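Reader: Could you walk me through how to read a model like this one, feature by feature?
Author: Gladly; let us look at it together.

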Amino acid sequence: MEGKKFAVLLCAEDSEYVKKKYGGYFGVFVRMLAEEGETWDFFRVAHGEFPTDDEIGEFDGFVITGSCNDAHGNDLWICKLLNLLKKIDSIKKKVLGICFGHQILGRSLGGTIERATNGWDIGVTTVNLSTSKQFNSLKLPAFLQVIECHRDEIRELPPKAEVMAWSNKTGIEMFRYGDHIMGIQGHPEYTKDILLHLIDRLLQHNLIEESMADVAKAKVEEREPDREQWKKLCISFLKGKL
């Protein structure tokens with residue numbers, strides 16, 4: 001029997017650091033999610049590279065990455081991605097959205113995405129998990145630490161979506177829609193070194209102030225993300241074990 005097949009929808013440019021150390025963001029996600037016997041592919045959707053309707057059916061699930069673009073924007077590739085996500089939803093394929101991916105999933109379902117009320121969240125954030133019965137089999141703690149780097153947020157979800165986690169800064173840290181769609185605002189795939197390099201890039205491009213960068217780096221040093229717990233959660237969802 002053939003193993004399952006998954007695709008990563010790449011919404012960001014690979015930094016030189018991530019490309020050199022991890023083989024790009026595709027490599028980062030494969031390292032976290034791939035298991036023996038599976039096939040993993042990617043589409044650079046931010047460059048206009050999308051799966052055809054026939055190809056969609058060949059995959060068991062999709063992962064949507066983070067991006068420096070706004071999920072509330074109307075760039076051509078973002079509009080095409082929204083159409084793709086509606087097709088994937090209609091045939092109930094598994095979709096896991098991370099950061100921008102989480103937000104664009106929310107938007108594709110009719111939710112509202114805006115600049116975050118509390119501004120940037122950069123560092124390692126404590127996330128509160130709901131008491132949903134869907135978490136019971138994983139025996140997760142009530143709180144998990146996750147790497148975050150975002151200034152937008154889902155402000156409102158459609159009624160059928162369930163909020164699965166929240167934090168002091170962000171009201172919707174994770175959501176689920178049916179059995180086939182899940183979004184996570186944080187970056188469970190990131191390592192601390194990836195975030196530290198990203199903070200430097202944000203500072204170089206004047207997207208954050210030096211004082212904010214210093215605070216963010218201090219938060220990174222103070223806390224450890226619960227990467228193994230997030231990995232277990234993501235794999236369990238994507239592969240129908242949750």
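Reader: Before we go on, what should I keep in mind about the model and its numbering?

Author: This is a predicted model, where local features need pLDDT of at least 70 and side-chain atom pairs count only at pLDDT 80 or more, while totals for chains, interfaces and linings use all residues. Residues are numbered from 1 along each chain as its sequence is written, and side-chain values use heavy atoms, leaving out hydrogens and water.

Reader: Which salt bridge does D152 form?

Author: The general idea is that a salt bridge is a side-chain nitrogen of Lys or Arg within 4 Å of a carboxyl oxygen of Asp or Glu. Here D152 pairs with R115, and their closest N and O atoms are 2.5 Å apart. That pair links distant parts of the chain, from D152 in strand β8 (residues 152–156) to R115 in strand β5, 37 residues apart. Helices (H or I, at least four residues) and strands (E, at least two) are DSSP runs, numbered from the N terminus.

Reader: How many salt bridges does a search of the whole structure find?

Author: The search finds 15. Among them is the one between E16 and K19, at 3.3 Å from N to O. These two are 3 residues apart in helix α1 (residues 16–22), so about one helical turn separates them. E16 is exposed at 56% relative accessible area, whereas K19 is partly exposed at 42%. There is also a network of salt bridges that links E35, E38 and K239.

Reader: Now to helices. Why is α2 described as largely enclosed by the rest of the structure?

Author: Look at burial along the helix: 8 of the 10 residues of α2 (residues 24–33) are buried, so the rest of the structure largely encloses it. The buried residues include Y25, F26, F29 and M32.

Reader: And strands: which way do the residues of β11 point?

Author: From β11 (residues 181–184), I181 and G183 point one way and M182 and I184 the other, and all are buried.

Reader: Which strands pair with β11?

Author: Two strands pair if DSSP finds at least two bridges between them. β4 (residues 94–98) pairs with β11 in the parallel sense over 4 bridges, with L96 standing opposite M182. β10 (residues 174–177) runs antiparallel to β11 and is joined to it by 4 bridges; there, R176 is the bridge partner of M182.

Reader: What lies between β10 and β11?

Author: They form a hairpin with 3 residues between them, and G178 in the turn has a positive phi of about 65 degrees.

Key. Buried < 20%, exposed > 50% of the residue type's maximum accessible area, 1.4 Å probe, protein only.
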